[in-house]
Amino acid sequence: MLNTPVTTAQYMEREKAYDKIATALKIPFLDEEVAKNSFPRKMGRIDGNNPQSSRKEAAFDWTDVYEKHSNSSPALESSEDRATTKEAMDQDQHDDANAEELGSSKHQYREFIFGEEALKVSPMVPYTLRRPIRRGHLNISQHYPMQQVFEDVLAIWDFILTEKLHIPLSERSMYSALLVLPETFDSREIKELLSIVLRDLHFSSAVVHQEGLAAAFGNGLSTGCIVSMGAQVTSVICIEDGVALPNTQKTLPFGGEDISRCLLWTQRHHQTWPQIRTDLYTKPIDLLMLNRLKESYCEIKEGKLEAVAVVHSYEDGMPAGSHKTSLTALNVPPMGLFHPMLLVPDAYAPPPRVWFLDYEDMLEDTWHMEYPRRPEMSEGLYPSMNVGYPMWDSYPVYAAKPKKEEKVGLAEAITRSILSTGRLDLQRKLFSSIQLIGGVALTRGLVPAVEERVLLAIPSTEAIDRVEVLQSRGNPTFVPWKGGAILGILDFARDGWLRRDEWIQNGVRVGKGRKYKDSHFLEAQAMYYINS
């Protein structure tokens, strides 16, 4: 589903948010800028190679959609994007297209195209772009059936395992899989992904860990506030002594792609965007271009921020055109993280209500195992201590609806998440141990902006006067995967691993009378020895 048009009310709220940001950044208000630029700025078109343009500004090439004579496929991997040929394709058109190819009439369309290559497929060729994961959830709707989503996830993973990791299906029984999943997934979605990994991909066993927990271990932390800022969703969760605190989870429905769309809106409003057809929905390659411009030129700093850049136009499979222009207000779009009304996200139809009903009663409490915990751990955080995994006894389960999204900015979400722990000593530790992960975390100037605005968001009644964002030990985009590898090694007892035969035979039942609940329980099961 494409997004709905921006309403008048949303447009007015966006303008108000712009003016608030302008005040904070000490730049002219939106109306003041438009009044000064009553005439469009001069722009020049650049054809051919431009020796003055940087390598980052090189145009994208359209994906070659035809099969090569060799058996190898040049597609790139991705966890979210997949393009497939249309089932109904006119045979005459197919033959004509093949005849136009040089040297052979045997060219055929590639059956599947994955990853970034799928985003660079020309809209003139008969392909359909599908995204099995959207806004932090499986992209199930009346236009994208559940079974088709599962098949697409399976196809992506199978392609990566076979073509990139060179692990054929016949050898996967010798491997175990560790799933690092975002906090936005609900228990039903986690269960379905586990079924794909164990039943369809034929791994011998699997374990699930949350992205926040894996990121903490990837940076060598056992306690911290993890802020994951991806392309479409931003989530916050607190970790204490190697265990995620489920009541601290906050989900914000915006990410890096929304900042890129805001960049386009800002430039068009200031009349700095070339007179070209930039359509982010029918031509995903335009979104790739905007993402690159955002990464190259956007940052958070006071004062006017302008840059001369090369913008590309992509029309109907033709070679890209280059347009040199001066971009302005480049520090405004990333400030949308703190003023979400500036970012008007895509509005997608939610999954049908029946999707959240689990007829296997996977949330039934049948756990009978008892693990020790450290005596100094707070009773307030883990009430109702008795048997099994008592730290999660009071964890609220929402089996019939998706996880709630917060309608606040990033600073408020971080503050609410940490203050919800209820302990001053832990709150002080968490405010001094904030960790930013994901592609948006690479935005220049974001760290001091988070520290300043989180400190301002803390109520004056709280005895907290220090906020610190820790420097990542590696690329924030890859830290969770590094931490997942560490968790897989640390869990030497393998108590949290799910065996393929038990999963297939007993459904959600795992091991000795245990029953799979959700990622919080699985991570506690795997990491209980840390608190012993």
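How many of the ten residues of helix α10 (residues 410-419) are buried? Seven of them are, so α10 is largely enclosed by the rest of the structure; here buried means under 20% relative accessible area, with exposed over 50% and partly exposed in between, for a 1.4 Å probe and protein chains only.

The model is predicted, so that local features need pLDDT of at least 70 and side-chain atom pairs count only at pLDDT 80 or more, while totals for chains, interfaces and linings use all residues. Residues are numbered from 1 along each chain as its sequence is written, and side-chain values use heavy atoms, with hydrogens and water left out.

**The chain as a whole**

The chain holds 15 helices and 17 strands, where helices (H or I, at least four residues) and strands (E, at least two) are DSSP runs numbered from the N terminus. Of its 532 residues, 53% count as buried. Among contacts (heavy atoms within 4.5 Å) in the chain with a separation of 6 or more, 75% come from residues 24 or more positions apart.

The buried residues of α10 are L410, A411, A413, I414, T415, S417 and I418. Their cover includes the strands β9, β10 (234-240), β11 (243-252) and β14, together with the helices α11 (424-431) and α12 (446-457).

The strands β11, β10, β9 and β14 form, in that order, an open sheet of four strands with mixed pairing, two strands being paired if DSSP finds at least two bridges between them. Because β11 and β14 each have a single partner strand, they stand at the edges, and one side of each is left without a neighbour in the sheet. Neighbouring strands of this sheet are turned by 20° against each other on average, direction ignored.

Within this sheet, β10 and β11 are antiparallel over six bridges, and T234 stands opposite L252 in β11. Strand β9 (residues 224-229) runs parallel to β14 and is joined to β14 by four bridges, with L436 of β14 as the bridge partner of V227.

All six residues of strand β8 (residues 205-210) are buried, so β8 is largely enclosed by the rest of the structure. On one side lie S205, V207 and H209, and on the other A206, V208 and Q210, so that both faces are covered.

A second open sheet, also of mixed pairing, has the order β7-β8-β15. Its edges are β7 and β15 (498-499), each with a single partner strand, so one side of each is left without a neighbour in the sheet. Strand β7 (residues 176-181) runs parallel to β8 over six bridges, whereas β8 and β15 pair in the antiparallel sense over two bridges. A206 in β8 is the bridge partner of A177, and A206 also has L498 in β15 as a bridge partner. Helix α13 (residues 479-490) lies across β7 and β8, running at about 135° to β7.

**Two helix pairs**

Axes are lines fitted to C-alpha atoms, for helices over the stretch in contact, and angles run from 0 to 180 degrees between N-to-C directions.

| Helix pair | Angle | Axis distance |
|---|---|---|
| α5 (146-164) and α6 (187-200) | about 50° | 11 Å |
| α1 (8-25) and α8 | about 85° | 13 Å |

Helix α5 is therefore oblique to α6, whereas α1 and α8 are roughly perpendicular to each other; angles under 35 degrees count as roughly parallel, over 145 as roughly antiparallel, 65 to 115 as roughly perpendicular and the rest as oblique.

The contact of α5 with α6 is made by M146, F150, V153, L154 and W157 of α5 and by R188, E192, L193, I196, V197 and D200 of α6. By class, this contact has eight nonpolar, no polar and three charged residues, where Ala, Val, Leu, Ile, Met, Phe, Trp, Tyr, Cys and Pro count as nonpolar, Asp, Glu, Lys and Arg as charged, and the others, Gly among them, as polar.

In the contact of α1 with α8, Y11, R14, E15 and Y18 of α1 meet W265, T266 and H269 of α8, and these residues divide into three nonpolar, two polar and two charged.

P274 lies in the loop between α8 (256-269) and α9 (284-297). P274 is buried, with a relative accessible area of 6%. P274 and S322 are 48 residues apart in sequence and, from C-alpha to C-alpha, 9.9 Å apart in space.
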